[in-house]
Amino acid sequence: MNEEQLLHQEIEASRNRLGKKLLILGHHYQRDEVILHADLLGDSFQLSSAASELVTGNYLDCESIVFCGVHFMAETADILANSPENLQHRGGRRVNVLMPDDRAGCPMADMASWDAVLRCRNLLSQIIDVDDLVPVAYVNSSAELKAFCGVYGGIACTSGNARSVLDRAFSQKRRVLFFPDQHLGRNTAVEMGIPETAMSLWTDNAPEYGGNTAETIRNSKMILWDGFCCIHQRIQTEWVDAVRKEHPEIRVIVHPECPREIVIRADESGSTSQILRRITQSPPGTKWAVGTESRFVERLARQNPDKTVVDLSPMNYCRSMSLTNLDNLSKLLRSVESGTPYNIISVDESIAPDALICLRRMLQCR
Ligand code: SF4
């Protein structure tokens, strides 16, 4: 038996011994060998909301959620799984949310912080009515930014419900401050008919108002934080043109974290689960070029052998997602078994209630 087989065996043995005391969640961008051991596979939103529901349902005895994903996802799972209602349901018992490698952060989530967004809001208050502005945090953000939204009448969104979240925000207020991903904000707003001339890009600490004049801000309905996902931002327009040249009948589908010029060139855009559904449900023989994280695209191609699935940006792996592997998963499970768990992600009680308010608003928007 080689080392990898041994690790698989050890992980399975730990899972069997821990039974329903353990729930392993795996994000679509995780390594295949890690996904094999997940009780549930999904995107960040599906996994976090499942964490919340399962630990009061099928996994009522759950004591530990091992989150194979990145830091903000584990934080969201902790907030939802240990909400006051869930705690009451379990007689006050907390569920530990753990990560095999707690260095797995999301670079995009780290591009905005409470202090920086508050600085932005304070500057904006000099030139516009900030009570007429809704802060919207993409779920790929830290718990503190979700708490910021909870405090300032804002809401979180996913890439799947961004449109309905923005519809709701604009039905209540005149402007939106969207962070940290500028591309999801811009792509969704354009789809809603908001022209790019009514958007401004905010850069923390840039001159004047985040690099904008007061007039530009006053004319903006959407103020976009200048964050981005390096994986989706890397995709080039020439790659879309090249795949179309090679396969004239191919349909191009991309994630809305891609820059606007990529989404314009694509036939469709959608969240990870929407891309999965779209391709899985398409007729045999269909040809797709997919613009998102490569581990997910490679898996899609293998799971749909009756279709052609081409990766628009081959080998475009998220480095943070890649940090979780069989070795650190196996070690973490052993620590859980021995009662000495580590890498516990616990959102500070000073922000968890406000972050929960923001997440609940998000969950209401389908
Ligand atoms: Fe963050 Fe992008 Fe990696 Fe997702 S793919 S975890 S958004 S860096």
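Strand 10 (residues 251-254) and strand 11 run parallel and are joined by two bridges; strands here are DSSP runs (E) of at least two residues and helices are DSSP runs (H or I) of at least four, numbered from the N terminus, and two strands pair if DSSP finds at least two bridges between them. The model is a predicted one, in which local features need pLDDT of at least 70, side-chain atom pairs count only at pLDDT 80 or more, and totals for chains, interfaces and linings use all residues. Residues are numbered from 1 along each chain as its sequence is written, and side-chain values use heavy atoms, with hydrogens and water left out.

Within this pairing, Ile253 stands opposite Glu268 of strand 11, and Val254 stands opposite Ser269 of strand 11. Strand 10 also pairs with strand 12, again in the parallel sense, over four bridges. Here Val254 has Gly291 of strand 12 as its bridge partner. Together these strands belong to an open sheet of four, with the order 11-10-12-13 and parallel pairing. Strand 11 (268-269) and strand 13 (308-311) stand at the edges with a single partner strand each, so one side of each is left without a neighbour in the sheet. Helix 16 (residues 294-303) lies across strand 12 (287-291) and strand 13, and runs at about 165° to strand 13. Contact means heavy atoms within 4.5 Å, while axes are lines fitted to C-alpha atoms, for helices over the stretch in contact, with angles from 0 to 180 degrees between N-to-C directions.

A further open sheet has five strands in the order 6-5-7-9-8, with parallel pairing. Its edge strands are strand 6 (155-157) and strand 8 (199-202), each of which pairs on one side only. On average, neighbouring strands of this sheet are turned by 25° against each other, direction ignored. Strand 5 (residues 133-138) and strand 6 run parallel and are joined by three bridges, and Val136 stands opposite Ile155 in strand 6. Helix 9 (residues 182-191) packs on the sheet, touching strand 5, strand 6, strand 7 (175-179), strand 8 and strand 9 (222-225), and its direction makes about 155° with that of strand 9.

Most residues other than glycine have a negative phi, and most peptide bonds are trans.

Helix 6 (residues 114-124) and helix 7 (residues 143-151) pack at an angle of about 35°, their axes 9 Å apart. Trp114, Val117, Leu118 and Arg121 of helix 6 make this contact with Glu144, Leu145, Ala147, Phe148 and Val151 of helix 7. By class, the contact has seven nonpolar, no polar and two charged residues; Ala, Val, Leu, Ile, Met, Phe, Trp, Tyr, Cys and Pro count as nonpolar, Asp, Glu, Lys and Arg as charged, and the others, Gly among them, as polar.

Turning to the ligand, the residues around it are Tyr29, Val70, Cys106, Pro107, Met108, Asn140, Cys229, Ile231, Glu257 and Cys318, each with a heavy atom within 4 Å of the molecule. This shell has eight nonpolar, one polar and one charged residues.
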